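Subject: Structure handover

Hello,

Here is the structure you were waiting for. My notes follow below it.

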Amino acid sequence: MKNKYIPTSICLYINYFVHGMGAIILAQNMNYLTAQLNTDTAGVAYVISGLGIGRLIVLFVMGTLSDKFGRKPFVFLGGLFYIGFLLGILVSPNLEVAFIFAILGGIANSTLDAGTYPALMESFPKATGTASILTKAAIAGGQFVLPIVMTIIIATNSYYGWSFFFCIAILVINALIVLKMPFPNHKKPIQEEVIEAAEDEDSTPLPKLKKKANFWIEGICFIVIGYTSTATFYLVSIWLPKFSSAVAHMSEAAAAQTISYYAIGTLASVALTSILVKSLIRPVYIVFVYPLLSAIMLFILYLFPSPTLCVIGGFILGFTAAGGVLQLALTTMAEFYPEGKGRVLGIFFTSSSLATFSIPVFTGIISKTNIANIILFDALIASFGAILALVIIARYRQLFEIPSKKCKQA
């Protein structure tokens, strides 16, 4: 039977396509914004930090309210807040006003997260990993398209604000469509969701929670993984080009291209991982394997920096660090805590937001001594995340009754 929430999910992914552009749109327009705001690149970086602050201050509250009032209002409001952020930046006369609108952009992100991730899990209860990880594909798609838009703007000497209006137009149309889309009943017990999804013959049978999870063991591990998984890919996306030029002695143009390989790796990972978690492997194992591979690649980059390894590393780190570990860790946490998905999301992504706010501070300090040490720092973070994932795997085996795949044919 065709899932009636597929059109709804398409709208949700379109929002994250725009979010992918929104996450980098300030950096992509840094030269224009320095002139508009009468500041320097450090000032624009200060504005960008407002995104992390806005995301942090409301996410837990939004997640809790989403559990109470449903998912659709928060998906719709998230789109409206994003429109306010984009328009606000365009009319900001100075740094202080732009910072306030950047905080609104972070609030928009949190509001979308609070409605979107629980809605996807409830729409596809037997394919939650695949549904969640596809948000990463949508984000990567937006981050691939925006530089193309900027290239056209620069080549035609057009107003930089057209990149913002491009995002706004998509959000406005999508918000109007979302209002008419059906959403799952957010108060329906998880058992009913599973029964309704039983007709999906392609999905792996769901494990059953035998006893209540312990927040002070796996709960804390998940919260910290929210931080480490975000920090791992965030560090790479910011510092890999600088590392490639300063340490591996690549040209500035070639160093910038490492992020292109990073984006390709992300998309490749989403494509493969979505297949794997659909029917071959449970998300909990990928939450361990990918950070481990990221740590290995980062250690290799640190020890043997070269142009070739930076290109290869860009692809591999895009695949392992940015390919959906964050989303799959959230999906796994929701398995441990099936009641109150919005609250779970709020706790998890609050930790993630702490990474986006604090990591630039830490790495800024480290960069004053040695850029290479930033990669070593990232390798240690990824290693710690992998160790925590091992704890979660052990607890997963203790707490869940994992059905055999053969039971589908019984």
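Predicted model: local features only at pLDDT ≥ 70, side-chain atom pairs only at ≥ 80, totals over all residues.

C167 takes part in no disulfide, and the nearest cysteine sulfur, which belongs to C11, is 17 Å away. A disulfide is a covalent bond between the sulfur atoms of two cysteines. The search of the whole structure found zero disulfides. C310 is another buried cysteine, with a relative accessible area of 0%.

Salt bridges

There are four salt bridges in the structure. Three residues, D67, R71 and E122, are joined in a network of them.

What is the relative accessible area of R71? R71 comes out at 3% and is buried. E122 is at 5% relative accessibility and counts as buried, and D67, at 17%, counts as buried too.

A further salt bridge joins the side chains of R395 and E218, at 2.7 Å from N to O. This pair links distant parts of the chain, with R395 in helix α15 and E218 in helix α9 (residues 215-246), 177 residues apart. R395 is buried at a relative accessible area of 15%, and E218 is buried at 0%.

Aromatic rings

The search of the whole structure gave 14 aromatic pairs. One of them is Y396 with F400, a stacked pair with 4.5 Å centre to centre and 25 degrees between the planes. It counts as stacked because the angle is under 30 degrees. Both Y396 and F400 are buried. Elsewhere, Y32, Y159, Y160 and F164 make up one aromatic cluster.

A ring also meets a charge in this model: the charged end of K136 sits over the ring of F233, 4.1 Å from the centre of that ring.

Nonpolar surface

On the surface there is a nonpolar patch made of V289, L292, L293, I296, F299, I300, L303, F304 and L380. Together these residues have about 760 Å² of accessible area. Which helix gives the largest share of the patch? Helix α11 (residues 283-303) does, with seven residues.

L380 is a member of the patch and lies in helix α15 (residues 372-399). R395, from the salt bridge with E218, lies in helix α15 as well. L380 is partly exposed, with a relative accessible area of 47%, whereas R395, at 15%, counts as buried.

Regards

Terms used: Residues numbered from 1 in each chain as written. Heavy atoms only, no water. Phe/Tyr/Trp six-rings, centres within 6.5 Å; stacked < 30°, edge-to-face > 60°. Buried < 20%, exposed > 50% of the residue type's maximum accessible area, 1.4 Å probe, protein only. Lys NZ or Arg CZ within 6 Å of the ring centre and 35° of its normal. Patch = residues over 30% accessible without salt bridge, like charges linked within 9 Å, V, L, I, M, F, W, Y side chains within 5 Å. Areas by Shrake-Rupley, 256 points an atom, 1.4 Å probe, with all protein chains shown as cover. Helix = DSSP H or I, 4+ residues; strand = E, 2+ residues; numbered from the N terminus. Disulfide = S-S within 2.5 Å.
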